[in-house]
Amino acid sequence: MVDDAADGRGGFVRASWANVLGNAVKILAEGAAGLAFGSVALVADAAHSVADLVASVVVLVWGRSSFEEPDDTHPHGHDRIEPLTALFVGAVIAVLGLYLFYESVQGLVFPDPPAASPLLLGALGFAIADMYLVYRYTEYVNADIGSTALEALATDCLNDIYTSFAAVVGVFGVLFGHPVLDPLAGALVSVLVVYQGVEIGRENVEYLTGAAADADQRAEITGALRDHPAVEGVHDLTVFYDGTVLEVEVHVEVDGDMPFRRAHDIESDLIDRLRGLEDVGDAHIHLDPSGIGEWKDRDDKR
């Protein structure tokens, strides 16, 4: 278990560093070309990546704390740090989307096309390849970790690719005498960027506020409990998010005349069953003697 946590933390740090370095290289390439040829689209895309760089650094420095073991100050662990960092990234994405939309409108109202040069396309091609490689590596690492913070960074990489393609459309427009394509493409992409930022924020707010599990997750947990041969009923089931993992609180009915040690073994077995389910982090089970009818919620009782 310790090795798994160490491997997860190591992968998280490597993927975070990949995003930091990838954004830094993209800023240098696009910023230099944009300033050299007066391309507002490339300078804006480079400025977009400056905020992405800040978000990547925050994830690198802050997000890896989610892998730390419980301690005196955080007895339930640090799981909520991860969705908090992802929420920050989502907010940055949404704000940048609004900024790109504003820049696109400005480009429509006050057109100022850059000097036509194939080097602009070369810089954009490099930026797209750079972000695609970072995206693929982040997704590859996160396939084993399941980090919402890394998933937010991967989404941000895709946003960078989209905005760079919008800039490509704008450069082609300049080269072929249709500079209005630049702000139009930018406006369309900015709407997508805002939407993705809001979706990332919404998902992670639910993690942070302890949202309830959905019906399918509750049914899977109830089924895992009822499949145990000693279980005669299940009631007062509460399933909620503690960070990105689920916490389960439930009362389980068993034979009230069984020996105490046998009851303890059953409880331990049921906890292990629940912890073995995907997304379940911890479980708290209270054993009740069957048939006494003192529970509050009988909906799940067999």
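Analyst: Helix α3 (residues 81-109) and helix α5 (residues 148-175) pack at an angle of about 15 degrees, and their axes are 8 Å apart. Helices here are DSSP runs of H or I of at least four residues, numbered from the N terminus. This is a predicted model, in which local features need pLDDT of at least 70 and side-chain atom pairs count only at pLDDT 80 or more, while totals for chains, interfaces and linings use all residues. Residues are numbered from 1 along each chain as its sequence is written, and side-chain values use heavy atoms, with hydrogens and water left out.

User: Why is α3 called roughly parallel to α5?

Analyst: Axes are lines fitted to C-alpha atoms, for helices over the stretch in contact, and angles run from 0 to 180 degrees between N-to-C directions. Angles under 35 degrees count as roughly parallel, over 145 as roughly antiparallel, 65 to 115 as roughly perpendicular and the rest as oblique. The angle is about 15 degrees, which makes α3 roughly parallel to α5.

User: What makes up the contact of α3 with α5, and how does it divide by class?

Analyst: Contact means heavy atoms within 4.5 Å. On the α3 side the residues are E82, P83, T85, A86, V89, I93 and L100, and on the α5 side T148, A149, A152, L153, D156, N159 and T163. Ala, Val, Leu, Ile, Met, Phe, Trp, Tyr, Cys and Pro count as nonpolar, Asp, Glu, Lys and Arg as charged, and the others, Gly among them, as polar. On that scheme the contact has eight nonpolar, four polar and two charged residues.

User: Why are α4 and α5 called roughly antiparallel, and what is the hand of their crossing?

Analyst: Helix α4 (residues 118-145) and α5 have axes that come within 9 Å and cross at roughly 165 degrees. The two helices are therefore roughly antiparallel to each other. A crossing is left-handed if the near helix is turned anticlockwise from the far one by less than a right angle, and right-handed if clockwise. α4 passes α5 in a left-handed crossing. The residues of this contact divide into 22 nonpolar, three polar and three charged.

User: Which hand has the crossing of α7 and α8, and which residues make the contact?

Analyst: The axes of helix α7 (residues 215-226) and helix α8 (residues 260-275) come within 10 Å and cross at roughly 145 degrees. The crossing is right-handed. I221, A224 and L225 of α7 meet L270, R273 and L274 of α8, giving five nonpolar, no polar and one charged residue.

User: What makes a space a cavity, and how many reach 30 Å³ or more?

Analyst: On a 1 Å grid over the protein atoms alone, a cavity is a set of points where a 1.4 Å probe fits but cannot get out, and lining residues have an atom within 4 Å of a point. The count comes to one cavity of 30 Å³ or more. The lining of the largest cavity consists of N19, N23, D52, S56, L153, D156, C157 and D160, and its largest share, four residues, comes from α5.

Terms used:
On a 1 Å grid over the protein atoms alone, a cavity is a set of points where a 1.4 Å probe fits but cannot get out, and a pocket is an open set with protein on both sides within 12 Å along at least five of seven lines; lining residues have an atom within 4 Å of a point. Grid points are joined across faces, edges and corners, and a volume is the space filled by probe spheres set on the points.
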